[in-house]
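Visitor: I have a model here and would like to be walked through it. Please keep to plain terms.

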Amino acid sequence: MGHLTNDEFFTKLTELFDARKGSDHGSIVLVQKRLSHDQPLPESTSDTIFPDLHPPRPMPVLIRATNAKGKERRKDKIKLSTVVEPDSLPAFFERYAEVCKLGMTTLKPRDRSKRKGKAKKRKGASATGP
């Protein structure tokens, strides 16, 4: 599967968030990483230990989103990806933040009461112990 255009990516991402709206569990994974396979990196010197922190020209960014289905439900997995060029990053991230904020409001928060209860039991047991 190839990369979507930015507009197609936002449309599909909104649909992905909306699909999670009615469900009582599930995850959406968002990943961002720079795309550096076409650029040669300068050599490491004593002044620049990490030469890839200062590339000769700005790098595009790869954005991915998936509904995080495991191996047993791989056929249900939805994968989205797009490449954002450096000159359009501010406008992209503005819209990306807006779509994510709207999508996050439809997601159900995780139930952490079990974890808090276990932590209180352990803390209480260690305080009363020898």
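Guide: The expected span of a helix is 1.5 Å times one less than its number of residues. Helices (H or I, at least four residues) and strands (E, at least two) are DSSP runs, numbered from the N terminus. This is a predicted model, in which local features need pLDDT of at least 70, side-chain atom pairs count only at pLDDT 80 or more, and totals for chains, interfaces and linings use all residues. Residues are numbered from 1 along each chain as its sequence is written, and side-chain values use heavy atoms, with hydrogens and water left out.

Visitor: How far apart are the end C-alpha atoms of helix α1?
Guide: Helix α1 covers residues 6-21, which is 16 residues. At 1.5 Å a residue they should span 22 Å. The model agrees with this, as the end C-alpha atoms are apart by 23 Å.

Visitor: Which residues of α1 are buried?
Guide: Buried means under 20% relative accessible area, exposed over 50%, partly exposed in between (1.4 Å probe, protein chains only). In α1 the buried residues are Phe9, Phe10, Leu13, Leu16, Phe17 and Arg20.

Visitor: Where do the buried residues lie, seen down the axis of α1?
Guide: The arc is taken from the directions from the helix axis to the C-beta atoms. The buried residues fall within an arc of 120 degrees, so they line one face of the helix.

Visitor: Is Leu89 buried or exposed?
Guide: Leu89 lies in helix α2 (residues 89-106). Its relative accessibility is 17%, so Leu89 counts as buried.

Visitor: What separates the C-alpha atoms of Leu89 and Pro60?
Guide: Along the chain the two are 29 residues apart. Their C-alpha atoms are separated by 8.5 Å.
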